[in-house]
Amino acid sequence: MDAGRSRGRTIGPPELPSVVVMTQIPPNSLPSTPPPAASARGLTRTYGSGPTAVHALREVDLDLPRGRFTAVMGRSGSGKSTLMHCLAGLDRPTDGTVTIAGTTITGLGDDDLTRFRRDHLGFVFQAFNLLPMLTARQNVLLPLELAGRRIDRAIIARLDHVVEVLDLADRLGHRPGELSGGQQQRVAIARALVCEPDLVFADEPTGNLDSETAAEVLGLLHRGVHELGQTVVMVTHELEAASYADDVVVLADGRVREHLASPETEVVAAALIAPVLEVTR
Ligand SMILES: Nc1ncnc2c1ncn2[C@@H]1O[C@H](COP(=O)(O)OP(=O)(O)OP(=O)(O)O)[C@@H](O)[C@H]1O
Ligand SMILES: [Mg+2]
């Protein structure tokens, strides 16, 4: 930095005695706005090309605040899963950037991206993505083993807690093919939560669950945010599930239609049924 700039800005023609305006702010008086847990800029995902191209995401700008539970809603095909996959580095966008905890993950190579995901993110897939040859317990512990983490007492305690809340204790020795859809979904949730990632993406995590189990899962996600400081982003079609979230993002036709902070249920419902007014490209 040049010495003049570090002292301040000089006003007035050079021949006059200069007036120096101090522009440096003492570091401890700066407002401390934490960076968002995840942000997207110009995020675009197009499948195919030409007249048959599908524009799943169209230049989405989004900041997801840290330590909040955000629900992502919108009609089937509006781009929710595509957004989650791009934000979590599971799919490469056609254009735009994704930044997570200060790292622009869209600029990372495959190995660095895999490592980053392993260390920071948990993902509950809409289609579960459990490995069929592993038991439920092995599936749950797989991300930790891939990360080379020792399965110590703290992890076992966390595993026991998650398994108890999700009512999976007597199913841990079974393979996915021997489990019901709802049980597989709970194993997928346990896998995403057991290593307490900073950021959890859950794509319709309660889609296959009865209302009582769904409430347990939502309570678990909610506690992760408010007791452990995690950030959770959850796709749901259900207003009841969204009511556990702090904020709601509504997608329509690959764009963010609304980003509502602590909305009333009626406001979310109105945003969901509003017609798409924008002319699509
Ligand atoms: N691999 C793919 N190839 C082509 N088109 C795709 C692909 N994946 C998604 N799409 C299209 O992109 C659009 C957005 O899909 P996406 O799965 O993100 O929707 P969604 O909002 O999650 O829907 P749902 O609520 O049904 O899960 C849809 O029109 C879909 O058909
Ligand atoms: Mg989806």
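Reply: Sorted by class, the shell around ligand 1 comes out as three nonpolar, eight polar and one charged residues. This is a predicted model, by the way. The residues in question are Y47, V54, A56, G74, S76, G77, S78, G79, K80, S81, T82 and Q126. As for where they sit, β4 (54-64) and α2 (80-87) each put at least two residues into that shell. Helix α2 has the largest share, with three residues.

Now for the helix, α5, which covers residues 153-165. Its 13 residues stretch 18 Å from first C-alpha to last, close to the 18 Å you'd expect at 1.5 Å a residue. Buried in α5 are L159, V162 and V163. They end up on the same side of α5 because they span an arc of only 95° around the axis. That buried set packs against two other helices, α4 (136-146) and α6 (181-193). Just past the end of α5, D167 has a positive phi of about 55°.

Zooming out, the protein chain has nine helices and twelve strands. It runs to 281 residues, and 35% of them count as buried. Looking at contacts between residues at least 6 apart in sequence, 66% link residues at least 24 apart.

Notes. Residues numbered from 1 in each chain as written. Chains lettered and ligands numbered in written order. Predicted model: local features only at pLDDT ≥ 70, side-chain atom pairs only at ≥ 80, totals over all residues. Helix = DSSP H or I, 4+ residues; strand = E, 2+ residues; numbered from the N terminus. Buried ≥ 20, exposed ≤ 12 C-beta atoms within 10 Å, placed from the backbone. Contact = placed C-beta atoms within 7 Å. Expected span 1.5 Å × (residues − 1). Arc of directions from axis to C-beta. Near = placed C-beta within 6 Å. Nonpolar A, V, L, I, M, F, W, Y, C, P; charged D, E, K, R; others polar.
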